[in-house]
Amino acid sequence: MIEIKNLNKELSGHEILRDISLTVNPGEIVGLLGPNGAGKTTTMKIITGFWQPTAGTVKVGGLDVVKDALATKQKIGYLPENVPLYDEQKVFEYLKFVGQLRDIAADKLIGRIKEAAMICGLQDVIGQNIGQLSKGYRQRVGLAQAILHQPEVLILDEPTTGLDPNQIVQIRELIQKLGKEKTVLFSTHILSEVQAICDRVVIINQGKIVGAGKPQELSSRLAGGLAIKISFAEKNDSASPAGGAQLAAIKNLAGVTEVKFDNGGYKIIATRDVRADLFKLAVERYWVIMELALQETNLEDVFKQLTK
Amino acid sequence: MRKESKLKIVKILIGKELEVYFNSPIAYVFIGAFLLAGNWLFFNYFFVNGQASLRSYFALLPWIFLFLAPAITMRAWSEEKRSGTIEFLLTLPLSDWQAVLAKFLAALILLALALTLTISLPLTVAGLGALDWGPVVGGYLGGLCLGGLYLAIGLFISSLTKNQIIAFVAGLAACFVLFIVSSSFVLTGLPATLATVANFFGAGSHFDALSRGLIDTRDVLYYVSAAWLFLWLNGRVLASRK
């Protein structure tokens, strides 16, 4: 749905994007992750046609965003960073204005506004001036505006920044709901957000893509495999001889690449899921297992390592 | 896209601009200040002169517009840039020139509305004596043209900055220079060849001709093409954002 090929962007002599290539498939929710100033917003500004690429191409639904700007803009719903809205307008007036510009037929317009307002929970503020709304409501007005014309693609630039924890959860749920039918590309620097809602993560740093994949894949790839934690009733560490023997035995299992002592237990890195073998080994040796778990992926480590 | 729907987009954008003008105090303050300043200054001299003519009013008009036209346009682009709504606006399926044209026409409608509300002046004067309507019609036409040019200049300058105050002051200065260039005060100080050029390019001389009741298409054409130039420049500024 979105195809970015070798995208470069220079702004007053600075290289902001370097050779970005990225494809977002229909129905996918992709998170663009990166520290501030990495190029997330620039990428989005180019996809939405606000800026133009210095080199490379961006296609939305098979159409070039520079050559067929009007057609691609119509396919996209865009929530810019910090949600710029016209404070002097009322919510309803604003949505009507956007709907008309999006060429929604007059007889359908009211229905669409109602629908978008309902999805985004705007019923209570529909007659209010936008300037008087709280940050959370502004964000929802921005989202309602983006989905009003039922676009195939949603581009959301930091949709949860500045919201309180409850609002963040609501907006995330909304994005997940929308993501069932639409292609969503959103940016964030909050890692848990990516883990919570994305099918795929793309990590950008200093204008370059430094990692891409499913959240779990990314972290296991970085760690060199799956991380498994095991601990036994009898605590051992590197000082005890029994510990050394245990460590060696675990390391001998096929697929295990690395074993470390970890809080009286062991942290194992393996190329495959070796939990069944670990269990058999423990039974054989009469080690009483207290804990055996595939470790939660930790995107934070990945992020730190990739954006160092 | 069909031509009809292109114009429809301009119409929708004009509607939104007017909505913003009238939902905020801008329109009322503008119209109020315009009527107050114009009427008060005019009637101050009217009874002293004792002539049934609006000449002194139309002599004032360019000076009133000098302050009020940049006041209308100062926020037009600056505020969009400052608040970031420009990004929202220009990522909608519309072209830059539609946005520029809509802002201009909306401001022109506001200005025309204010001008229309001064119709009580000639009606009052006509009731008091024999009014020559030629210069009145010419004066209104000239006012609309000159005001339109000021608005186009103001819009262009507003597109260059995020700061409304700068947009206002720079707009005022630019309009002032363009107006004053063809005043007799400047012309007498210039060599003859330059004076002809200055007289042609200055906004004041064309207004004087119109407000004397000499309705010449060349004067109107001057305003239309000069306004067009600044709107085109405005469009270029928008396009250079990327």
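How many Å separate the centres of domain 1 of chain A and domain 2 of chain A, taken over C-alpha atoms? The separation of these two centres is 42 Å.

## Basis of the model

This is a predicted model, in which local features need pLDDT of at least 70 and side-chain atom pairs count only at pLDDT 80 or more, whereas totals for chains, interfaces and linings use all residues. Residues are numbered from 1 along each chain as its sequence is written, and chains are lettered from A, with ligands numbered from 1, in the order in which they are written.

## Domains of chain A

Chain A is divided into domain 1, residues 2-213, and domain 2, residues 220-306, the bounds being taken from an automatic or database domain assignment. Nine residues of domain 1 of chain A are in contact with six residues of domain 2 of chain A, where contact requires that the C-beta atoms of two residues, placed from the backbone, lie within 7 Å.

On the side of domain 1 that touches domain 2, the elements giving two or more residues are α7 (191-197), β9 (200-205) and β10 (208-213) of chain A; helices (H or I, at least four residues) and strands (E, at least two) are DSSP runs numbered from the N terminus. By class, this side of domain 1 has five nonpolar, four polar and no charged residues, with Ala, Val, Leu, Ile, Met, Phe, Trp, Tyr, Cys and Pro counted as nonpolar, Asp, Glu, Lys and Arg as charged, and the others, Gly among them, as polar.

## The interface between chains A and B

Between the two chains, 21 residues of chain A are in contact with 19 residues of chain B. On the chain A side, α2 (69-75) and α3 (91-101) each supply at least two residues, and the largest share, four residues, comes from α3(A). The side of chain A that touches chain B is made up of ten nonpolar, seven polar and four charged residues.

## Helix packing

Two packed helices are described by the angle between their axes and the distance between the axes. In chain A, α3(A) and helix α5 (residues 135-147) pack at an angle of about 25 degrees, with their axes 9 Å apart; axes are lines fitted to C-alpha atoms, for helices over the stretch in contact, and angles run from 0 to 180 degrees between N-to-C directions. The angle makes α3(A) roughly parallel to α5(A), given that angles under 35 degrees count as roughly parallel, over 145 as roughly antiparallel, 65 to 115 as roughly perpendicular and the rest as oblique. The crossing of α3(A) and α5(A) is right-handed, the near helix being turned clockwise from the far one, whereas a left-handed crossing has it turned anticlockwise by less than a right angle. A:Val91, A:Tyr94, A:Leu95 and A:Val98 of α3(A) meet A:Val141, A:Ala144 and A:Gln145 of α5(A), and by class this contact has six nonpolar, one polar and no charged residues.

In chain B, helix α3 (residues 55-83) and helix α8 (residues 164-180) pack at an angle of about 140 degrees, with their axes 8 Å apart, and α3(B) is therefore oblique to α8(B). Here too the crossing is right-handed. The residues in contact include B:Leu66, B:Pro70 and B:Met74 from α3(B), and B:Phe168, B:Leu172 and B:Phe176 from α8(B); the residues of this contact divide into 13 nonpolar, four polar and two charged.

## Individual residues of chain A

A:Gln150 has a positive phi of about 50 degrees although it is not a glycine, and its place is in the loop between α5 and β7 (153-157) of chain A. A:Glu158, another residue other than glycine, has a positive phi near 45 degrees and lies in the loop between β7 and α6 (165-179) of chain A. A:Gln150 counts as partly exposed because it has 13 C-beta neighbours inside 10 Å, while A:Glu158, with 23, counts as buried.

A:Leu178, in helix α6 of chain A, is buried, with 20 C-beta neighbours inside 10 Å. Leaving aside neighbours within four places in sequence, A:Leu178 is in contact with A:Ile147, A:Leu154 and A:Val184.

Note on methods
Buried ≥ 20, exposed ≤ 12 C-beta atoms within 10 Å, placed from the backbone.
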